[in-house]
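Q: I have a structure on the screen and want to learn how to read it. Where do we start?

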Amino acid sequence: MFKNRDIISMADFSREEIDHILDVAEMVEKNPTDYNNLLNNKIMALLFFEPSTRTRMSFESAMYRFGGKCIDLGPIDASSLKKGESFTDTIKVVSRYADLMVIRHPADGVARYVSEIVDIPIINGGDGTGQHPTQTLLDLFTLKKENKLERVNIGIVGDLKYSRTVHSLVYALTLYDVEMTFIYPPSLRLPDGIIEYLVKNKIKYKECNDIEEVIEDIDVLYVTRIQQERFPDVSEYYAVSDSYKITKNLLESKAKDDLILLHPLPKKNEIEKELDETHYAKYFLQVEYGIYVRMALLGLIMGAFE
Ligand code: NCD
């Protein structure tokens, strides 16, 4: 079902397919060292045209845990792109050095384009404000492990306009029995295309601008960083940069005691630091789960897992 498959957008996956990936991730999590030689002779190419810590390093770590190897285009200035080679030529060349490719790029749609011009499987590590499907799979894995993937109210807070992690997550959550509540400063609403998708598919959702109005009903709070680098005008960024902050006081006084806080990271000032050590915070656990989910994906795409 997954051999040689591209991972570009969550909209490409059925509920059954997503659940299968999560099941395989859970199998890997149980005995992660059972698969030391699974991808012994495989090579993964990493092409990151935007900064990354987690996505890049967790894919590398996942590949090494299977005995596979990684090659990395490195900074653009150190590649032949600097000499004027076209993006397309660079991609075609690298695709002949590796068995699969992970790409991150500032422009929406680039991962899809790359998947159309090469023969090896492509994993979208984030394309502009488009999608970030592997982050969504680890978000779903965390929800499943925390028993919060069915009959819960998931509040998604912050920069819903530019966060690609939110865009992929919303598509995926439409396949589950959850309520979605979108909480955002007025200028950072979800893109029209996603709202239209929700309406067309008769998915119920709530929207508000003030978290205090809805916090009592929320089971999962998915917090996002305001995506400063995507704003066409820096003054628009400063107009919203301090517009929300999740504090310990807010959660302790108003939220359900078993609310969980998720965040794709990196975080800036949107979550009060004091919350890191509380039972609400699950974002560092998400990071750990990212390894199992990416191991599952690599094993499935390379045909080593069924
Ligand atoms: C996110 C991204 O790159 O979209 N980071 C990640 O991969 N976990 C989120 C962000 O940058 O805010």
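A: Start with the word strand. Strands are DSSP runs of at least two residues marked E, numbered from the N terminus. Keep in mind that this is a predicted model.

Q: In which strand is Thr181 found?
A: Thr181 is found in strand β6, which covers residues 179-183.

Q: Does Thr181 count as buried or exposed?
A: The general idea is a cut-off: buried means under 20% relative accessible area. Thr181 has 1% relative accessibility, so Thr181 counts as buried.

Q: What does Thr181 touch?
A: Contact means heavy atoms within 4.5 Å. Leave out residues up to four places away in sequence, and Thr181 touches Asn153, Ile154, Gly155, Ile156, Lys206, Val214 and Ile218. With Asn153 there is also a polar contact: the two side chains are joined at 2.9 Å.

Q: Let me try Asn124. Is Asn124 buried or exposed?
A: Use the cut-off again. Asn124 has 0% relative accessibility, so Asn124 counts as buried. Asn124 is found in strand β4.

Q: Which polar partners does the side chain of Asn124 reach?
A: Look for N and O atoms that pair up. The Asn124 side chain reaches the backbone nitrogen of Gly126 at 2.8 Å. The Asn124 side chain also makes a polar contact with the side chain of Asp127, at 3.0 Å. Further along the sequence, beyond four places, the contacts of Asn124 include Ile7, Ile8, Ile103 and Ala111.

Q: Now the whole protein. Into which domains is the protein divided?
A: Domain 1 takes residues 10-131 and 290-301, and domain 2 takes 147-281. Their C-alpha centres lie 27 Å apart.

Q: How many residues of each domain are in contact with the other?
A: Count both sides. In domain 1, 19 residues are in contact with 14 residues of domain 2.

Q: How much area do the two domains bury between them?
A: Buried area is what two parts lose on being put together. Here that is about 1300 Å², with 53% of it on carbon and sulfur atoms. On the domain 1 side, Arg15, Arg54 and Thr129 lose the most area, together 42% of what that side buries.

Q: How many salt bridges are there between domain 1 and domain 2?
A: The count is three. Elsewhere on your screen, find the side chains of Glu50 and Arg164: they meet in a salt bridge of 3.0 Å, N to O.

Technical notes: Residues are numbered from 1 along each chain as its sequence is written. This is a predicted model: local features need pLDDT of at least 70, side-chain atom pairs count only at pLDDT 80 or more; totals for chains, interfaces and linings use all residues. Side-chain values use heavy atoms; hydrogens and water are left out. Domain bounds come from an automatic or database domain assignment. Buried area is the accessible area (1.4 Å probe) that two parts lose on being put together, summed over both. A salt bridge is a side-chain nitrogen of Lys or Arg within 4 Å of a carboxyl oxygen of Asp or Glu. Helices (H or I, at least four residues) and strands (E, at least two) are DSSP runs, numbered from the N terminus. Buried means under 20% relative accessible area, exposed over 50%, partly exposed in between (1.4 Å probe, protein chains only). A polar contact is a pair of N or O atoms within 3.5 Å; within protein, one must be able to donate a hydrogen and the other to accept it, and residues adjacent in sequence count only if both atoms are side-chain atoms.
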